[in-house]
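Dear colleague,

Please find the structure below, handed over for your records. My findings follow it.

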Amino acid sequence: MADRLERLTNLVAVLLETGRPLTLEEIVERVPGYPAERESYRRQFERDKATLREIGVPISLEALHAFDQETGYRIHRADYELPPLDLSDDERVALHLAVTAVRLEGQVGDPGAGAGRDALLKLGGTLGAAAPTLAALPDVPALPALFDAYRRRARVSFTYRGGPRRLDPYGIVFRNGHWYVVGFDGDREAIRAFRADRIESGIEPGRAGAFERPDGFDPASALRDEPWRFGDEEPVEALVLVSADQAGWVEADLGQKAVAERRDDGSAVLRMAVTNREAFRSWVLGLLDHAEVLAPPELRADMVAWLSAVAGSGAGA
Amino acid sequence: VTRPDAAVRLRRLLTIIPWIVDHGGSSLDELAARFGIKVAELERDLELVPFCGLPPYTPDRLIDCEIVDGRVFLRFAEYFGRPLSLTPGEGFALLAAGQALLAVPGADPSGSLAAALGKLAGLLGAGDGMAVELGPARYLEPLRAAAEAGERVEIDYYTFGRDELTTRRIDPRAVFAAAGQWYVDAYCHRAGDDRLFRVDRVRGVRPTGEHFEASSGGAAGAAGPGGSGVSAVPGGPGVSPGVIFNPRPSDRRVTLLLNANAAWVPESYPMESVEELPDGRLKVVFVASERAWLERLLLRLGPAAEVLDPAEVRVEAAEAARRLLVRYG
């Protein structure tokens, strides 16, 4: 019996070169190495098909003729072939450094092993030295399907926090150690971000080309990382006094635009647009004794009430 | 050594055949290096090629593979003229790795990597909707430079857990990004021991003019080849804040009862145990090494948390709240 690898290679060649779908019987007749008995060759072909799909060979199942019940298999060349990319060897060296320096977490074994390296092999090989690991990014099962939907502009459906969601994925962003998919939420009719690792279901893609991403849309800025701005509350402008020892990095964090006043003792007053009071309070409390809410009176009173409650709860202990 | 299975070898064959079709006369050595395999493996794969082709498998329908003076030639393999297209997972992984490396401060935004990523994004139809941010890194470059050159530096460091700013001399061995932050793995002369520092909490870096001997020990394990100042991520794959946080025996064990709206706590910090009670509340046990860290957590949680144990922590939270209230007169 012929080697399995040989049979698989011939199977790919036959399905690529056929001008029409081939029935299972036609395939078995054309590709040497299948058993003679029907049930055995059917099982063997199912295994081969699974192996081909595992490595990404696009086998399509089609009706033999219009209105025909009978189906057959073929590989469309346009789906199979990698279009020319015209990389230079310098560019291959740079990509090789990238897939070795940046590791997708969950990949064990050789640094640089995994999907990125497989991609690079198809693009003409791994050239030059490997880099030592510089960064580890988490690998999340939903990412390939989200990425595919993003690039094909297909609306996706999935389950998130127990509920169904429909999203036009405008972009994929890695921030604060997490992958997010950012896009237009079809139910809430607003831009929303979802943490990819918290998606609770598979990704169900719709048809390709279902939406256009708005011109100039920047997923990184759409994914706001200032938690006090994540919210639907009536916006209010808050002023926060930050003491000298923390003012420098808070300024760096919020940007110079946020500085309302610099005081002689080195402290600074920062202006923040708050649409989520809870997140704002949490952020200010994170600075402990180094911050004080100055305005508006309403947020200052909130803070006093909150702290008084915590101060009181320990009094009897 | 286990033999790679048929899927791995088929993927390799469908990658190498098109390259040889395009680059007839490549040497076995060059091909093996390019595709990251041994010459013997390559020869074993190529031995199979002459048995592959199309029906009726007569000589003119089989792939003709010739190796002359270590150079490989293929004929009658035009249908394998292009490699298999990238799977979504492969395209994503390559683009993500490239964008991450390009996001490292000091990367050339118009170099070979950027050019390659531009072509790749074009091929995949990926546009500019992907972004990789490795974390705030104001002092990343001086620290990487110091690690690379083996230079001892003095840093101002904000210890978040103790709410304290200290100055210390460190020998930075490696700088790496994990779990959304940049870290520097160093020997700390103040602690007299190895420490991991978060780069975003470094508030100043000054040269000391002293050098240190790069050693192979330390938290980061073996340094990378050539002592390039970057090394394997400690803890190997799966680095998480839980791995980076190592409790000491003297640390306090705290038990809290959390309302359902405080479920983010066990998601954010390493916990020893999490138990859901019939009323929907969570009973969590964790180790807290620093008082300021715990104060912050309890102040933020407010009424959403009840301290079960130890009782003194309840008092500390109340004291912290009173201390902050002083500012509000």
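This is a predicted model: local features need pLDDT of at least 70, side-chain atom pairs count only at pLDDT 80 or more; totals for chains, interfaces and linings use all residues.

The charged end of A:Arg281 sits over the ring of A:Trp306, 3.4 Å from the ring centre; this term requires NZ of Lys or CZ of Arg within 6 Å of the ring centre and within 35 degrees of the ring normal. A:Arg7 likewise places its charged end over the ring of A:Tyr34, at 4.8 Å from the centre.

Residues are numbered from 1 along each chain as its sequence is written, chains are lettered from A and ligands numbered from 1 in the order written, and side-chain values use heavy atoms, without hydrogens and water.

The predictor gives the complex an ipTM of 0.81 and a pTM of 0.78. For chain B the mean pLDDT is 85, with 88% of residues at 70 or more.

Over all chains there are 16 aromatic pairs (ring centres of Phe, Tyr and Trp, the latter by its six-membered ring, within 6.5 Å; planes under 30 degrees apart are stacked, over 60 edge-to-face, the rest tilted). The pair A:Phe147 and A:Tyr150 is tilted, because the planes stand at 45°, with centres 6.3 Å apart. A:Phe147 counts as buried at 0% relative accessibility (buried means under 20%, exposed over 50%, partly exposed in between; 1.4 Å probe, protein chains only).

Methods:
pLDDT is the predictor's confidence in each residue, from 0 to 100.
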